[in-house]
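Me: I have a structure open and want to go through it piece by piece. Can you help me read it?

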Amino acid sequence: MRGQFLDLQGGARSAEDIATTNELKTGVLLGAAVDMAAIIAETDDCVSQSLRAFALAAGHAFQIRDDFQDGPDMDPSVTGKDIGKDVGKSTFINTLGFDEARRRLMDHLHEADRCLTDAIGSKQGTRRFVGSLFGQGMAPVSAPRQPDYAVHH
């Protein structure tokens, strides 16, 4: 809830502030879910820590992907969300630019996959399922045609 509160406050924020908000919005929520799964499965501490790191990285990736889905080139019937809600809002895209936001998205996805592999090994079914979550409603991330993603300093 604190992350959502920070997100709704608006105004210019640094990349670090955006990352903190993203972690508090989605990373903590996913973290609670994997913590419960780890408790039910009675995993050891190493697996639990890897799952928690996975959840935080996946939460960051989810939020950045969500920002990309708000772009003017996205089709709401594909993404399942209204576009244009992030105009004027502090997002990685608006703050750091399209290319850096895309780089961070990919870094978080790679980190999430690494942590998930640390936790469950090479079980492809789970990794495919997680990969499909990030593929749903997401057109390939390509440079925007309109200047809505201008970098603000």
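Predicted model: local features only at pLDDT ≥ 70, side-chain atom pairs only at ≥ 80, totals over all residues.

Me: OK, how many residues line the largest pocket, and which lie nearest its centre?

Reply: The lining has 17 residues. Nearest the centre of the pocket are Leu30, Phe54, Ala58, Val130 and Leu133. Helices H2 (15-41), H3 (45-69), H6 (98-120) and H7 (124-135) each give two or more residues to the lining.

Me: How much space is in there?

Reply: About 320 Å³.

Me: And what classes of residue make up the lining?

Reply: There are 13 nonpolar residues, three polar and one charged.

Me: Back to Phe54. What is it in contact with, beyond its sequence neighbours?

Reply: Leaving out neighbours within four places in sequence, Phe54 is in contact with Val34, Ala112, Cys115, Leu116 and Val130. Phe54 is also among the residues with the most contacts inside the largest nonpolar core, along with Leu51, Phe68 and Phe92.

Me: Which helix gives the most to that core?

Reply: H3, with nine residues. The core has 24 residues.

Me: New topic. Where is glutamate 42, and is it buried or exposed?

Reply: Glutamate 42 lies in the loop between H2 and H3. It is exposed, with a relative accessible area of 70%.

Me: What is its phi?

Reply: Phi of glutamate 42 is near 55 degrees, a positive value. Most residues other than glycine have a negative phi.

Methods
Residues numbered from 1 in each chain as written. Heavy atoms only, no water. 1 Å grid on protein atoms, 1.4 Å probe; cavity = no way out; pocket = protein on both sides within 12 Å on 5 of 7 lines; lining within 4 Å. Points joined across faces, edges and corners; volume = space filled by probe spheres on them. Helix = DSSP H or I, 4+ residues; strand = E, 2+ residues; numbered from the N terminus. Nonpolar A, V, L, I, M, F, W, Y, C, P; charged D, E, K, R; others polar. Buried < 20%, exposed > 50% of the residue type's maximum accessible area, 1.4 Å probe, protein only. Core = buried A, V, L, I, M, F, W, Y, C linked by side-chain atoms within 4.5 Å. Contact = heavy atoms within 4.5 Å.
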